[in-house]
Amino acid sequence: MFGQTSTTTTTTPPPPTDRGLEDLDAAAMAYAARIAGLPPERRGEARDDLVRFALPFAGRLARRYRGRGEPLEDLEQVARLGLVNAVDRYDPERGSFTAYAAITIVGEIKRHFRDRTWGVHVPRRLRDLILEVGQATAALTSELSRAPSVAELSARLETPEEEILAALESAAGYSPASLNAPVGGESSAEFGDLVGESDNALESVDDRVTVSGLLHRLPWRERRILAMRFYGNQTQAEIAARFGISQMHVSRLLSRALTWLRQAMLADAPPPWQNGAAEPDPGKTRISVKQNGDSVVVEVGGEIDRDGADQLRRAMLEAVTGQPSEVVVDLVGAGGFDAGGIAALMAGRDAAERTGVPLRLTRVQPAVRRSLTAAGLAPARD
């Protein structure tokens with residue numbers, strides 16, 4: 001039953017690596033005959049031989065599409081993938097391998113251009129419409145001897161004008177300009193420099209405005225300490241020396257002011273500032289007018305800001321109106337002047353000049369003296 005078996009010898013065509021096979025169709029027919037009697041696991045060598053033999057053919061098809069924005073190496077890789085697919089799907093009964101392989105390889109290359117080379121994602125339907133618009137534009141330009149309008153393209157393609165416009169706009173996404181491209185000329189600027197960007201500081205504008213309003217509610221000393229610490233970048237020791245207090249006291253004042261600001265930022269209405277009864281607020285505006293013989297002395301204390309400017313202006317005009325022999329503005333207690341305070345002093349000076357009453361600024365603190373000198377109000381040297 002298990003007797004002698006006969007051996008049949010089959011003559012197969014030479015492998016396609018034999019350079020005698022110059023015709024690709026002949027090589028494919030030889031490949032088909034070669035694998036006909038082989039099991040699937042042994043067909044790989046013959047498949048690889050045919051693929052290697054047809055690589056120059058795939059390379060020639062890939063080179064037809066060079067110069068279209070894609071590297072030739074990428075196009076050759078895509079063409080080789082199409083060649084492998086053509087070999088795997090080849091059926092000798094359906095005709096020429098060369099024609100089938102060409103269609104398959106060119107299809108892979110066109111699919112690569114359609115799906116992989118867009119600079120931005122564009123839907124498949126819109127990409128197909130872009131191709132149709134391009135073909136219709138070329139045809140209508142030849143017929144009309146001018147560029148067609150959107151309405152004419154819409155009529156030719158039987159597509160709404162809105163979709164034609166979307167296709168024309170989306171076509172720019174195929175090859176977008178690089179942000180690193182130079183603007184032109186001898187300028188070193190790039191396109192990216194002309195594109196706006198998100199301003200992260202805008203998120204803090206509301207907080208800055210809120211804090212600015214809350215700072216005006218703090219006493220003068222706390223405001224000055226905060227400004228010196230966070231704007232002047234001075235140390236606590238330097239601030240303590242400036243105010244004649246201990247560094248520990250400066251630390252407590254800073255902590256109390258910052259705690260109050262945090263609470264005020266989170267509350268609908270700012271809480272009242274809890275100031276110690278034994279610590280009078282040196283920043284509060286204090287103005288008094290005293291008669292000293294034939295002259296009038298206007299004593300100014302605290303910080304003269306926009307709230308105290310009107311009070312100072314009225315006091316100086318009142319002093320000048322009485323026609324004294326001299327008006328002396330004593331600024332020994334004045335800690336600072338803002339623009340409103342400077343304007344009040346200038347109004348008093350102008351009124352004194354109009355009435356012929358001498359006006360003298362005396363006992364001015366060094367920091368205030370610099371501000372007054374810059375504004376043209378030269379104080380007297382004490």
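**Notebook: strands and helix packing**

I began with strand 1 and strand 2 (residues 295-304), which run antiparallel and are joined by seven bridges; strands here are DSSP E runs of at least two residues, helices are H or I runs of at least four, and both are numbered from the N terminus. The model is predicted, so I noted that local features need pLDDT of at least 70 and side-chain atom pairs pLDDT 80 or more, while totals for chains, interfaces and linings use all residues. Residues are numbered from 1 along each chain as its sequence is written, and side-chain values use heavy atoms, with hydrogens and water left out.

I looked up Arg286 and found that its bridge partner in strand 2 is Gly301. The open sheet has four strands in the order 1-2-3-4 with mixed pairing, where two strands pair if DSSP finds at least two bridges between them. Its edge strands are strand 1 (286-292) and strand 4 (359-362), each pairing on one side only.

Next I turned to helix 5 (residues 124-144) and helix 6 (residues 150-157), which pack at about 110° with their axes 10 Å apart; axes are lines fitted to C-alpha atoms, for helices over the stretch in contact, and angles run from 0 to 180 degrees between N-to-C directions. The two helices are therefore roughly perpendicular to each other, a term that covers 65 to 115 degrees. Contact means heavy atoms within 4.5 Å, and among the residues that make this one are Leu129 and Glu132 of helix 5 and Arg156 and Leu157 of helix 6.

Methods
Parallel < 35°, antiparallel > 145°, perpendicular 65-115°, else oblique.
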